[in-house]
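Take a moment with the sequence and the model below.

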Amino acid sequence: SSNVDQIDCFTNELVEKRNSQWRIQMERCLQDEVKYLRNSRKGNVQEARRKLQTHLEIDVRNLDECQMKNLILVAMEQENSKEFDWILGESMKWRRNLPEEIICDILEFATETGRRDFLEKLRNFCRKTQPEFLLWHQGFISHEIRMLWKEGNTERALDMMRLMYQEISLQNLPEARRILRIFARETVGQKSEAVLVALIRLTEEIAAESGDKFPLEILWRDCFYSQWFSDQQIAVKLFRKHQSIRDFVQQQVKIMIFRLLLKHRLETVYRLIELLLDPSVDMRDSCKDVLKLLFDYQYWRHNSHGCSEIIQSSVNLGIPLGAEYEKKLV
């Protein structure tokens with residue numbers, strides 16, 4: 001038995017040693033591979049930079065997608081409008097389409113850096129060489145909207161968003177919603193009330209004319225979650241005004257409360273309860289869901305007094321939580 005144990009021990013040590021050696025070798029191989037790729041890419045970009053500076057040895061007809069991307073990357077890094085013009089001009093001259101991924105990279109770069117000239121040149125290029133792509137993306141209007149917003153031209157940005165929605169297509173709807181979500185987040189509690197009012201008006205128009213209620217619902221949620229009393233009051237008015245917002249709350253109430261309780265935002269939970277109990281909206285069923293979650297929150301925090309208050313409040317409101325919750329209290 002002792003010999004068997006010694007053999008087992010020796011075998012295990014041998015296997016472990018081999019595994020350890022294998023791991024070390026693999027880590028070295030991976031490190032070498034990463035180093036090679038990094039140096040290779042660095043070399044490609046440096047070579048592209050050298051060629052671009054002199055326009056030597058460049059024939060866009062012979063460039064693969066990676067080489068073309070490196071050239072454009074250099075032009076963007078240097079924010080060199082002249083070289084960017086040259087690349088687009090050569091591509092147009094030889095009827096060389098740009099890969100969609102590269103176009104999207106340029107659009108994102110132009111938007112983030114505020115390079116309107118890059119956006120206009122790319123728009124003109126696509127109008128002549130890839131009109132279908134330009135049409136598919138509504139003339140890159142979403143990027144222009146984001147650029148205007150970043151520049152502080154909020155009124156013009158909202159006007160263009162209104163235009164975008166007039167001819168919105170299904171493939172561009174997620175991007176439009178994403179932009180409006182950013183606008184809502186950057187407006188509530190941060191920009192002037194005039195901008196917030198204009199954004200509310202826009203989302204109401206979109207809901208009424210395009211049938212997309214999502215932007216209005218998200219804007220309401222941000223106002224309701226806001227720490228500012230003025231934003232909270234706006235949320236109350238919108239809640240009473242729009243059935244779509246009440247439907248949204250009814251569908252999302254459990255998720256909303258769960259997230260609020262994770263952050264221990266009890267005051268916001270109580271404000272929602274107050275809204276749901278408003279006689280003009282009649283959302284007592286949703287209120288019952290909130291009270292149950294609030295009870296569970298206090299229960300798991302071993303707050304028996306808090307649980308007792310919730311049970312008593314539910315009885316007083318005529319919204320009993322049921323025997324299950326009364327048993328938990330006992």
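In this predicted model, helix H14 meets helix H15 through a set of named residues. H14 brings Leu266, Val269, Tyr270, Ile273 and Leu276 to the contact. From H15 come Arg284, Ser286, Cys287, Val290, Leu291, Leu294, Tyr297 and Gln298. Sorted by class, this contact has 10 nonpolar, 2 polar and 1 charged residues.

Now look at how the two helices lie. H14 spans residues 266-276, and H15 spans residues 284-300. Their axes come within 9 Å and cross at roughly 155 degrees. Angles over 145 degrees count as roughly antiparallel, so H14 is roughly antiparallel to H15. The crossing of H14 and H15 is left-handed.

Between H14 and H15 runs a loop, and Asp282 lies in it. Asp282 is not a glycine, yet its phi is positive, near 50 degrees. Is Asp282 buried or exposed? Its relative accessibility is 59%. The cut-off for exposed is over 50%, so Asp282 counts as exposed.

Phe140 also has a positive phi without being a glycine; the value is about 60 degrees. Phe140 sits in the loop between helix H6 (131-136) and helix H7 (141-151). Its relative accessibility is 1%. Buried means under 20%, so Phe140 counts as buried.

Next comes another helix pair. Helix H9 covers residues 173-187, and helix H11 covers residues 214-225. They pack at an angle of about 20 degrees, with their axes 9 Å apart. Angles under 35 degrees count as roughly parallel, and H9 and H11 are therefore roughly parallel to each other. The crossing of H9 and H11 is right-handed.

Which residues make the contact of H9 and H11? On H9 they are Arg177, Leu180, Arg181, Ala184 and Arg185. On H11 they are Phe214, Pro215, Ile218, Leu219, Arg221 and Asp222. By class, this contact has 6 nonpolar, no polar and 5 charged residues.

Last, turn to the cysteines. A disulfide is a covalent bond between the sulfur atoms of two cysteines. How many disulfides does the structure hold? The count is 0. Cys126 is in no disulfide, and the nearest cysteine sulfur, that of Cys104, is 9.5 Å away. A disulfide needs the two sulfur atoms within 2.5 Å. Cys126 has a relative accessible area of 0%, so this residue is buried. Cys223 also counts as buried, at 0% relative accessibility.

Key
Residues are numbered from 1 along each chain as its sequence is written. This is a predicted model: local features need pLDDT of at least 70, side-chain atom pairs count only at pLDDT 80 or more; totals for chains, interfaces and linings use all residues. Side-chain values use heavy atoms; hydrogens and water are left out. Buried means under 20% relative accessible area, exposed over 50%, partly exposed in between (1.4 Å probe, protein chains only). Axes are lines fitted to C-alpha atoms, for helices over the stretch in contact, and angles run from 0 to 180 degrees between N-to-C directions. Helices (H or I, at least four residues) and strands (E, at least two) are DSSP runs, numbered from the N terminus. Angles under 35 degrees count as roughly parallel, over 145 as roughly antiparallel, 65 to 115 as roughly perpendicular and the rest as oblique. A crossing is left-handed if the near helix is turned anticlockwise from the far one by less than a right angle, and right-handed if clockwise. Contact means heavy atoms within 4.5 Å. Ala, Val, Leu, Ile, Met, Phe, Trp, Tyr, Cys and Pro count as nonpolar, Asp, Glu, Lys and Arg as charged, and the others, Gly among them, as polar.
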